Amino acid sequence: MKRKPIAGVYQIRQISTGRLYIGGSANIYKRFGYHKSRLRTNKHWCKPLQDAWNTKGYNDFTFMIIEETTEYLTREKAYIASSKSNNPEYGFNTHPCADSIKTHCRHGHEYTPENTRYYYNNSNDRIQRICRMCNNHRYKRKTPKI
Ligand SMILES: [Zn+2]
């Protein structure tokens, strides 16, 4: 059975330590499935989370929706900040975890929802953000001059 996509912010919580992984997605249940399949096959991009999963097993983890919202990119940042889940003591959102907490591309453009495109990179198994502005520049460079 297919569930209707739910956009929002979610958490993966380790019960024994209370540590959190917080993420945002346009389709949370699909993302949960993706996290679980990576964790089960020992291929999750977030090493601290994978290590905890390997040590304690899946019974030590709960997957939960925190907030249903289409503004999940900004809300996700707020939840990461308030829960300190980017501090290894409290969570798993440490670099280089994807659902990246980077706020700007390397050319300094902000990753606003309008300026962000998501891309699943097969070669390194990461969900990456693409800056639309830079993408446009790249596109323009490729366009032949008349
Ligand atoms: Zn950019």
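Predicted model: local features only at pLDDT ≥ 70, side-chain atom pairs only at ≥ 80, totals over all residues.
Biologist: Thanks! So what covers the buried residues of α2?
Modeller: The cover includes β1, β2, α1 (28-40) and β3 (61-68).

Biologist: And which residues of α2 are buried?
Modeller: Those are L49, A52 and W53. They sit on the same side of α2, because they cover an arc of only 100 degrees around the axis.

Biologist: What about the face turned away from that buried side, which exposed residues does it carry?
Modeller: That face of α2 carries K47, D51, N54 and T55.

Biologist: Back to L49. What is it in contact with, leaving aside neighbours within four places in sequence?
Modeller: L49 is in contact with Y21, H44 and F92.

Biologist: Nice. Which residues touch the most other members of the largest nonpolar core?
Modeller: V9, Y21, I22, L49 and F92 do, in a core of 17 residues. The elements giving two or more residues to this core are β1 (8-14), β2 (20-25), α2 (47-56) and α3 (72-83). Its largest share, 4 residues, comes from α3.

Biologist: Switching topic: what comes after α2?
Modeller: G57 follows α2, and its phi is positive, near 85 degrees.

Biologist: And the whole chain, what pattern does it follow?
Modeller: Along the sequence the pattern reads β-β-α-α-β-α-β-β-α, with 4 helices and 5 strands in total.

Biologist: How much of the chain counts as buried?
Modeller: 22% of its 146 residues do.

Note on methods. Residues numbered from 1 in each chain as written. Core = buried A, V, L, I, M, F, W, Y, C linked by C-beta atoms within 7 Å. Buried ≥ 20, exposed ≤ 12 C-beta atoms within 10 Å, placed from the backbone. Contact = placed C-beta atoms within 7 Å. Arc of directions from axis to C-beta.
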